[in-house]
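Subject: Structure for your review

Dear colleague,

Please find the structure below, together with its sequence.

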Amino acid sequence: LGLDYNRSDWGIGVEVVYYDEQDKVSRTNGETSTDDYSLLNFSSWWQATVNLRLVAGVDNVLDEDYEDHLAGRNRVMGNPALPRGSKIPGYGINAFLRMDYSF
């Protein structure tokens with residue numbers, strides 16, 4: 001679910017992305033179920049020229065802890081924060097800058 005405010009040369013947006021729980025898993029592959037979660041994301045853009053757009057944003061603004069069902073498992077030993085065999089957690093707060101050039 002997203003909400004955007006756009007002007008002729010700039011805009012801002014907010015979105016909430018919801019992921020449902022995954023409890024239909026493959027026992028054969030050793031999959032485990034995952035809980036549902038929601039992420040809050042913000043973004044903005046500025047049309048610098050006719051061809052150039054600059055975009056900035058922050059994903060997972062509230063730093064939600066979650067596990068993506070399709071994430072892999074840690075196979076590296078020696079990391080006490082993420083034991084071997086545990087599911088790799090989703091990313092925390094993620095800021096980004098992007099430049100779009102059209103021609």
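I begin with N74, which is placed in the loop between β4 and β5; strands here are DSSP runs of E with at least two residues, helices are runs of H or I with at least four, and both are numbered from the N terminus. The model is a predicted one, in which local features need pLDDT of at least 70 and side-chain atom pairs count only at pLDDT 80 or more, while totals for chains, interfaces and linings use all residues. Residues are numbered from 1 along each chain as its sequence is written, and side-chain values use heavy atoms, with hydrogens and water left out.

A polar atom of the N74 side chain lies 3.0 Å from the backbone nitrogen of V76. The backbone oxygen of L82 is 2.6 Å from a polar atom of that N74 side chain. For polar contacts, the criterion is a pair of N or O atoms within 3.5 Å; within protein, one must be able to donate a hydrogen and the other to accept it, and residues adjacent in sequence count only if both atoms are side-chain atoms. When residues up to four places away in sequence are not counted, N74 touches L82, P83, R84, G85, S86 and I88, where contact means heavy atoms within 4.5 Å.

N60 belongs to the loop between β4 (52–59) and β5 (94–101) as well. Is N60 buried or exposed? Its relative accessible area is 1%, so N60 is buried. Leaving aside neighbours within four places in sequence, N60 is in contact with L39, L40, N41, Y66, Y91, G92 and I93. The C-alpha atoms of N60 and L39 are 5.1 Å apart in space, although 21 residues separate the two in sequence. The N60 side chain also has a polar atom 2.8 Å from the backbone nitrogen of E64.

Two backbone angles in this loop may be of interest to you. N60 is not a glycine, yet its phi is positive, at about 55°. D63, found in the loop between β4 and β5, is likewise a residue other than glycine with a positive phi, near 55°. The relative accessibility of D63 is 40%, so D63 counts as partly exposed.

**The sheet**

The strands form an open sheet of 5, in the order β1-β2-β3-β4-β5 and with antiparallel pairing; two strands pair if DSSP finds at least two bridges between them. At the edges are β1 and β5, each of which pairs on one side only. On average, neighbouring strands of this sheet are turned by 15° against each other, direction ignored. Axes are lines fitted to C-alpha atoms, for helices over the stretch in contact, and angles run from 0 to 180 degrees between N-to-C directions.

Strands β1 (residues 2–6) and β2 (residues 10–19) run antiparallel and are joined by 5 bridges. They form a hairpin with 3 residues between them, and D4 has G13 of β2 as its bridge partner. Between β2 and the antiparallel strand β3 (residues 37–47) there are 10 bridges. In β3, S44 stands opposite I12.

**Aromatic residues**

How many aromatic pairs does the structure hold? There are 5, where rings of Phe, Tyr and Trp (its six-membered ring) pair if their centres lie within 6.5 Å; planes under 30 degrees apart count as stacked, over 60 as edge-to-face and the rest as tilted. One of them is the stacked pair of Y37 and Y66, with ring centres 4.3 Å apart and planes at 20°. This pair links distant parts of the chain, as Y37 is in strand β3 and Y66 in the loop between β4 and β5, 29 residues apart. Y37 is buried at 7% relative accessibility, and Y66 is buried at 10%. The rings of Y66 and Y91 have their centres 6.3 Å apart and their planes at 80°, so this pair is edge-to-face. Y91 is partly exposed, with a relative accessible area of 40%. Y19, Y37, Y66 and Y91 form one aromatic cluster.

Finally, the charged end of R53 sits over the ring of W45, 3.7 Å from its centre; the criterion is NZ of Lys or CZ of Arg within 6 Å of the ring centre and within 35 degrees of the ring normal.

Yours sincerely

Key
Buried < 20%, exposed > 50% of the residue type's maximum accessible area, 1.4 Å probe, protein only.
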